[in-house]
Amino acid sequence: MFRKKLEETISLDKGGDAIITIDQTLLPGEEKIIKLRTQEQIRNAIYKLKVRGAPAIGVCAAYGIYLGAKEIETDDFDKFYAEFKEKKDYLAGARPTAVNLFWALDQMEKTVQANKDKPVKEIKEELLKKADAIKEDDIRTCRMIGENALMLLDDGDSVLTHCNAGRLATIKYGTALAGIYLAKEQGYDIRVFADETRPLLQGSRLTAYELNAEGIDVTVICDNMASIVMKKGLVDIVFTGADRIAANGDSANKIGTSGVAILAKYYGIPFYICAPLSTIDLNCESGSDIVIEERPGFEVTEKWYEEPMAPHGVKVLNPAFDVTDNENISGIITEYGIARPPYRESIAALFEKQKEDKERNGI
């Protein structure tokens with residue numbers, strides 16, 4: 001998808017010493033491939049949104065903690081585990097809302113615990129295998145999400161999306177855009193409206209960039225244009241991603257998503273969240289339990305301008321996410337099917353389906 005060679009959004013270099021990715025903060029103007037070697041580089045890349053999107057963050061964290069484990073110079077398990085925990089906590093502090101970050105790090109820690117009787121060298125090898133497995137599972141999962149989303153699309157449909165939940169947010173297919181890519185494979189004529197997604201413009205910079213590169217009809221609109229586009233009957237369905245989904249179906253996603261959902265409900269347009277089961281946090285009862293990250297004010301007042309676009313010293317509120325209430329969500333599209341209201345029951349059924357699948361495959 002990129003002019004520069006990058007088959008996957010996140011990968012390890014051939015020597016296994018660095019994460020290779022693209023700096024998403026520079027897109028679409030510059031395609032800069034970067035290598036992340038140190039824990040500080042990896043953490044900053046996640047915090048500063050060089051790496052972004054819940055699944056991509058998870059894979060980056062998995063490889064990141066593996067690289068951190070490689071740095072630990074001891075053969076004593078207790079010392080190794082203590083240092084591992086410190087590095088895990090350090091990376092976990094990068095993005096408090098993205099559940100995939102914590103999920104991936106927890107998976108890596110479980111790998112350490114499951115192999116504690118092995119030499120430290122072998123534990124590190126097992127960590128690499130686990131990180132590889134998390135990456136491959138993301139590719140498979142996104143494909144399955146896309147197949148489930150495709151069932152909701154017809155040839156000629158127009159889709160509105162918010163933020164970026166495409167290939168740049170995952171390893172290959174994306175979540176919210178996976179169905180669109182599969183529709184293109186099937187020869188469907190699909191049109192996409194991409195909300196620009198203030199203040200960091202992930203829609204206009206990233207979604208429009210990757211869809212345009214694939215020859216998909218995409219139109220950028222300002223966030224406050226969604227209502228008139230819907231009112232004119234130009235939108236058939238809405239697909240967005242999610243960074244964390246509560247057990248009751250409340251979903252946290254990039255700021256502005258809840259407004260899109262409210263508008264879609266008003267105009268009678270189906271609104272779907274597309275996300276893997278790993279994004280659903282069963283320990284989070286509702287959206288009120290989700291921590292919303294507050295980001296620096298300069299992203300609103302200065303980041304994209306030659307001169308500040310607000311008075312010097314004015315207060316700025318810049319939450320990175322909002323929570324879409326479950327009553328405004330038509331369904332949650334996962335790799336194991338589509339959850340619909342009532343969400344506690346339908347989400348639990350999907351997790352049971354996942355459990356049966358893992359038992360059947362000996363996972």
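Colleague: What share of the contacts in the chain with a separation of 6 or more comes from residues 24 or more positions apart?

Modeller: This is a predicted model. In the chain, 74% of the contacts with a separation of 6 or more are between residues 24 or more positions apart.

Colleague: How many helices and strands does the chain have?

Modeller: There are 11 helices and 14 strands. The radius of gyration is 20 Å, close to the 21 Å that the globule rule gives for 363 residues, so the chain is as compact as a globular protein of that length. Along the principal axes, the C-alpha atoms fill a box of roughly 65 × 55 × 40 Å.

Colleague: What percentage of the residues count as buried?

Modeller: Of the 363 residues, 56% are classed as buried. The accessible surface comes to about 16,100 Å², and carbon and sulfur atoms contribute 48% of that area.

Colleague: How should I read the packing of two helices, and at what angle do α3 and α5 pack?

Modeller: Two packed helices are described by the angle between their axes and by the distance between those axes. Here, helix α3 (residues 77-92) and helix α5 (residues 120-150) pack at about 35°, with axes 10 Å apart. By class, their contact has six nonpolar residues, one charged residue and no polar residues. Phe 77, Phe 80 and Phe 84 come from α3, and they meet Val 120, Ile 123, Lys 124 and Leu 127 of α5.

Colleague: Which residues of strand β7 are buried on its two sides?

Modeller: In a regular strand the side chains alternate between the two faces of the sheet. Strand β7 (residues 237-240) has both faces covered: Ile 237 and Phe 239 are buried on one side, Val 238 and Thr 240 on the other. Strand β4 (residues 158-161) pairs with β7 in the parallel sense over two bridges, and Leu 160 has Val 238 as its bridge partner. Three bridges also join β7 to strand β10 (residues 271-274), again running parallel, with Thr 240 partnered by Ile 273.

Colleague: In what order do the strands of the open sheet lie?

Modeller: The three strands follow the order β1-β2-β3, with antiparallel pairing. Its edge strands, each pairing on one side only, are β1 (11-12) and β3 (33-36). Strand β2 (residues 19-22) is joined to β3 by four bridges, and Thr 21 has Ile 34 as its bridge partner. Helix α2 (residues 54-71) lies across β1, β2 and β3, at about 145° to β2.

Technical notes:
Residues are numbered from 1 along each chain as its sequence is written. This is a predicted model: local features need pLDDT of at least 70, side-chain atom pairs count only at pLDDT 80 or more; totals for chains, interfaces and linings use all residues. Side-chain values use heavy atoms; hydrogens and water are left out. Axes are lines fitted to C-alpha atoms, for helices over the stretch in contact, and angles run from 0 to 180 degrees between N-to-C directions. Contact means heavy atoms within 4.5 Å. Ala, Val, Leu, Ile, Met, Phe, Trp, Tyr, Cys and Pro count as nonpolar, Asp, Glu, Lys and Arg as charged, and the others, Gly among them, as polar. The radius of gyration is taken over C-alpha atoms; the globule rule is 2.2 Å times the number of residues to the power 0.38. Buried means under 20% relative accessible area, exposed over 50%, partly exposed in between (1.4 Å probe, protein chains only). Accessible areas come from the Shrake-Rupley method with a 1.4 Å probe; for residues, only the protein chains shown count as cover. Two strands pair if DSSP finds at least two bridges between them.
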